[in-house]
Amino acid sequence: MNGLQSRHLLGLENTPAEDIQLILNTVDSFREVIDRRIKRVPTLRGITVLNLFYEPSTRTRISFELAEKRLSADTINFSTSTSSVKKGESLRDTVQNIEAMKIDMVVVRHSSPGVPYFLTQCMKSNIINAGDGAHEHPTQALLDMYTIWKKYGRLDGLRVVLIGDVMHSRVIRSNIWCLKTMGASVALGGPSTLMPKEVERFGCDVYTDIDKALDGADVVNVMRIQLERQQLGMFPSQREYTNLFGVNSGHMKLLNKNYTIMHPGPMNRGVEITSKVADSNKSVILEQVTNGQAVRMAVLYLLSGRKEEEGE
Amino acid sequence: MPARNDVILDEKKISRALTRITHEILEHNSGAESLVIIGIITRGAHLAKRIAAKIKEIEGVEVPVGLMDIGLYRDDVHSMLDQPVVQRTEILFGVRDRNVILIDDVLFTGRTIRAALDQIIDFGRPRTIQLAALVDRGHRELPIKADYVGVNIPTARDDQIVLHVKEKEGDDIVFIERGKGRTVTKKSPAKKKGGKK
């Protein structure tokens with residue numbers, strides 16, 4: 001166990017348990033750094049990181065940007081609204097032009113799945129996926145892992161329930177791969193219309209009755225219902241979703257005594273989760289956000305040493 | 001086990017050296033009240049705890065002890081294939097206006113100490129930073145000098161000084177391995193060599 005096997009972080013589907021554990025172990029050191037008065041270490045001095053966000057994001061973008069700054073990297077932020085993408089420049093030309101100005105790492109968010117992989121084919125930089133369509137969002141899942149691991153001291157043997165739009169959620173996908181690799185038992189809960197066709201391929205217990213999904217669970221990770229993706233009419237109304245799949249305090253008695261409530265944000269309070277549950281002392285939602293920064297520092301640190309010629 | 005003439009310090013000698021260093025620290029700082037001790041992970045940290053215990057014996061004062069990993073402050077991070085495994089830095093006290101005793105096992109190029117100095121200063125502005133090392137083997141690459149030294153040993157650059165501590169290896173000993181030096185090249189990754197400098 002001496003380093004990560006890959007020089008990119010594209011997804012967790014094929015990431016081995018040793019790599020996940022190495023990242024989790026490394027996060028501890030960075031948690032300590034962000035609790036310091038001077039929250040900065042010189043580790044990535046001289047490294048330039050491009051934050052390439054083709055999709056809106058607050059939390060993830062700020063989290064990555066702060067992580068980069070706290071490691072003393074130079075950062076460039078790119079957003080589509082103020083760039084030549086408006087003039088019709090292709091993704092490939094855009095990134096190759098930016099890379100020609102000598103950057104070392106790219107953090108990318110895009111609405112099309114596979115864009116991070118595409119970038120590995122046309123760039124020399126280390127690529128970190130910050131969310132690609134409905135495919136994966138690995139750093140979010142890693143911060144969920146870290147939060148659970150810190151609370152229970154283990155991941156294997158825990159029962160984790162993921163509730164929400166399984167079909168469209170990249171956070172659910174990354175969580176499934178990661179949790180299963182680490183030996184947790186995973187249950188999915190949500191409307192049958194939002195379950196992908198081949199949902200059994202995930203190897204999880206699938207429930208369309210939320211009470212059954214929550215029964216005996218240790219961790220409940222509630223996903224945002226993505227209102228912007230519901231134009232297709234996958235459920236009749238927001239109110240019906242809340243009635244059937246919204247997590248409320250009445251559900252808490254179904255869970256194991258030492259349960260934990262998680263949500264990757266941004267929350268629709270009163271839709272997928274009630275404020276009472278979200279703000280309860282079992283909720284670690286803000287803890288997740290703090291951990292997210294340390295997780296991103298760990299990922300940047302571990303990948304930054306891996307140059308192209310030494311490849312996979 | 002190493003050949004007899006390669007042993008530099010045995011258990012008794014290590015203990016005596018640490019006792020002398022402790023007395024020198026106390027004498028130089030007129031007691032222990034202003035002191036905090038920071039040991040560089042991993043063996044420096046063990047030595048730091050022993051020196052703190054000796055101060056407790058002599059002066060009856062509990063001196064705060066911190067542990068420091070310098071991985072994030074290294075100057076060779078990007079020249080290695082794999083990133084060094086970083087460990088946790090634990091400094092649960094303020095260093096502002098204190099006399100900081102920095103403790104390392106073997107003083108060699110001085111680069112570890114440079115990284116540690118930078119890191120301490122990020123925690124605050126100490127009144128002084130003083131350096132104690134159990135072994136000074138020379139070959140400095142930076143203008144750094146220890147205030148307290150257990151033993152000075154002339155070495156060749158490719159020799160290796162190996163320190164075992166009871167807490168980790170089960171015995172206390174310092175010995176030298178001739179001509180087995182570290183080979184840090186770009187192609188072969190620098191392995192984590194426990195205690196070998």
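Analyst: Start with Pro266(A), which sits in the loop between strand S9 (260-262) and helix H9 (275-278) of chain A. Helices (H or I, at least four residues) and strands (E, at least two) are DSSP runs, numbered from the N terminus. This is a predicted model, where local features need pLDDT of at least 70, side-chain atom pairs count only at pLDDT 80 or more, and totals for chains, interfaces and linings use all residues. Residues are numbered from 1 along each chain as its sequence is written, while chains are lettered from A and ligands numbered from 1 in the order in which they are written.

User: Which residue is joined to Pro266(A) by a cis peptide bond?
Analyst: Gly265(A), with omega at about -10 degrees.

User: And what is the peptide bond from Ile41(B) to Thr42(B) like?
Analyst: That bond is cis, with omega near 5 degrees. Thr42(B) falls in the loop between strand S2 (35-40) and H2 of chain B. For background, most peptide bonds are trans, and most residues other than glycine have a negative phi.

User: Where is Ser72(A), then?
Analyst: In the loop between helix H2 (59-70) and strand S2 (74-79) of chain A. Its phi is positive, near 65 degrees, and Ser72(A) is not a glycine.

User: Is Ser72(A) buried, exposed or partly exposed?
Analyst: Partly exposed, because 15 other C-beta atoms lie within 10 Å. The cut-offs: buried means 20 or more other C-beta atoms within 10 Å of the residue's own, exposed means 12 or fewer, and partly exposed is in between, with C-beta atoms placed from the backbone.

User: What about phi of Asp97(B)?
Analyst: Positive too, near 60 degrees, in a residue other than glycine. Asp97(B) is in the loop between strand S3 (65-68) and strand S4 (99-107) of chain B. It counts as exposed because it has 11 other C-beta atoms within 10 Å.

User: Back to H2 of chain B. How many residues does it have?
Analyst: Helix H2(B), residues 43-59, has 17. It reaches 24 Å from first C-alpha to last, close to the 24 Å expected at 1.5 Å a residue. The expected span is 1.5 Å times one less than the number of residues. Buried residues in H2(B) include Leu47(B), Ile51(B) and Ile55(B), and also Arg43(B) and Arg50(B). Just after the helix, Gly60(B) takes a positive phi of about 75 degrees.

User: New topic. What is the strand order in the open sheet of chain B?
Analyst: S1-S8-S7, three strands with antiparallel pairing. Strands pair if DSSP finds at least two bridges between them. The edge strands are S1 (7-9) and S7 (160-164) of chain B, each pairing on one side only.

User: How many bridges link S7(B) and S8(B)?
Analyst: Five, in the antiparallel sense, with S8(B) covering residues 173-177. Ile161(B) has Ile176(B) in S8(B) as its bridge partner.

User: How many residues of domain 1 of chain A are in contact with domain 2 of chain A?
Analyst: 20, against 20 residues of domain 2. Contact means C-beta atoms, placed from the backbone, within 7 Å. On the domain 1 side, H10(A) gives the largest share, six residues.

Key: Two residues are in contact if their C-beta atoms, placed from the backbone, lie within 7 Å.
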